[in-house]
Amino acid sequence: MARRLFLHVGTVKSATTYLQAICDDNAARLADEGLLWLGSAANFSAVADLFGTTRPDEYGAAALSWSTLVERIGAHDGDALVSNELLSLRGPKKVRAFVQALPPTSTRVVVTARDFARVTVSQWQEHVRHRPTGPWADFMGRLTTAGSRDDPEMAWFWRRQDVPRLVKIWAEQVGIDNVTVVTVPSRDVSPDALVDRFFGVVGVADTGALTVPELADNASLGTYSVELVRRIQQRLDDDDRARLHLVLKYLLTRRALAERASDEPALTLTPDQVDWARAQAAEMAGRLDELGVRIVGDVDDLMPRMTGSTAAAPPSDDELLDAAVDALIRLADATDDLARAVGGERYGDTVRAVGGRGRPQP
């Protein structure tokens, strides 16, 4: 039986993809330190299996059932780590059921949290990538209105980013002494600081030996690209959105558009919105202090660093067209890569088949 199970539950957009990619790239090194990591796909597929939200095509051959994950953790005699930021979306009843389904070992919950202004931007972008969403200005106008925490249309945001609420829900099941908040350092601090903080909490002594794979981060999009994705999501119906989920997530946003980010204006808050974000971060820091939760890092990391700028005008048609042309070229590159990988010597037949010109010849 595992001695301790470290459960990294988010928050969403707090470098979780980055940390999971490091775990995947260093599974053998973590094992040398006695820490069992079964892989990102295993983590997400097992939790989806438990809650009945499995997508068979999402996780591939590395998928595990919940019972298998529990069995593997139970058979390990060191520590184990599970990381899945979607657990941060679960309310008290689901969290209680989840904890009861865990193997009978000492459970330690880890919550990562970051600069509240930046996470507001990245959280809205993540929302855009998955479902129909109104314009950025409308979202911020509604979010910064007094009482937005009680607004059903804003509940999705607060459920993901109210750090003290998340800590309280999990502390009710495992005890506040078994919950740790790890703050994500500001951008002017070396990324090694986050690696040292997080992996130090989960018991890895030699954090300097860990490697960071390329494209480990789930990068933000520029203003034009995210508006292009928003309009695509509005055009799709629910069935198409579900069917194209992986293509939109990995090929369109992470490959075709993410590379444009440095050539486009970044989404930012206005000075008034930054003031609002600072007030929210200060209020949450106070509530964390009242809870008495252990914090690794600095609670000041939650305070916005950006100064804000004048609200940008919506992208012009020419700017959107430029983003769309780039996206089409890079999607063509991605299609070529896929066809060569799948088709091999029948590359031409595969491309023609996908293009509706018949099937590959026997």
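Guide: A residue is called buried when its relative accessible area is under 20%. The structure discussed here is a predicted model.

Visitor: What percentage of the 362 residues in the protein do buried residues make up?

Guide: The cut-off for a buried residue is under 20% relative accessible area. Applied to the 362 residues of the protein, it gives a buried share of 47%.

Visitor: How many helices and strands are there in the protein, and why is the protein described as being as compact as a globular protein of its length?

Guide: The protein has 17 helices and 6 strands. For 362 residues the globule rule gives 21 Å, and the protein is as compact as a globular protein of that length because its radius of gyration is close to this figure, at 22 Å.

Visitor: Which element gives the most to the largest nonpolar core?

Guide: This core holds 37 residues, of which Phe98, Val111 and Trp170 touch the most other members. Elements that give two or more residues to the core include β1 (4-8), β4 (106-113) and α10 (163-174). With 7 residues, the element that gives the most is α10.

Visitor: How many residues are in the other core, which lies apart from this one?

Guide: Among the members of that other core are Val121, Met154, Trp158 and Val229. The core lies apart from the largest one, and its residues number 36.

Visitor: How are helices α7 and α15 oriented towards each other, and why?

Guide: The axes of α7 (residues 116-130) and α15 (residues 271-291) come within 8 Å and cross at roughly 110°. Angles of 65 to 115 degrees count as roughly perpendicular. Therefore α7 is, relative to α15, roughly perpendicular.

Visitor: How many nonpolar, polar and charged residues does the contact of α7 with α15 have?

Guide: On the α7 side, the contact is made by Phe116, Ala117 and Thr120, and on the α15 side by Trp276, Ala277, Gln280, Ala281 and Met284. By class these residues divide into 6 nonpolar, 2 polar and no charged.

Visitor: How many charged residues does the contact of α12 with α16 have?

Guide: Helix α12 (residues 223-235) packs against helix α16 (residues 317-343) at an angle of about 80°, and their axes are 9 Å apart. Tyr224, Ser225, Glu227, Leu228 and Arg231 of α12 meet Glu319, Leu320, Ala323, Ala324 and Ala327 of α16. The contact has 6 nonpolar residues and 1 polar residue, and its charged residues number 3.

Notes. Residues are numbered from 1 along each chain as its sequence is written. This is a predicted model: local features need pLDDT of at least 70, side-chain atom pairs count only at pLDDT 80 or more; totals for chains, interfaces and linings use all residues. Side-chain values use heavy atoms; hydrogens and water are left out. A nonpolar core is a set of buried Ala, Val, Leu, Ile, Met, Phe, Trp, Tyr and Cys residues joined through side-chain atoms within 4.5 Å. Buried means under 20% relative accessible area, exposed over 50%, partly exposed in between (1.4 Å probe, protein chains only). Helices (H or I, at least four residues) and strands (E, at least two) are DSSP runs, numbered from the N terminus. Axes are lines fitted to C-alpha atoms, for helices over the stretch in contact, and angles run from 0 to 180 degrees between N-to-C directions. Angles under 35 degrees count as roughly parallel, over 145 as roughly antiparallel, 65 to 115 as roughly perpendicular and the rest as oblique. Contact means heavy atoms within 4.5 Å. Ala, Val, Leu, Ile, Met, Phe, Trp, Tyr, Cys and Pro count as nonpolar, Asp, Glu, Lys and Arg as charged, and the others, Gly among them, as polar. The radius of gyration is taken over C-alpha atoms; the globule rule is 2.2 Å times the number of residues to the power 0.38.
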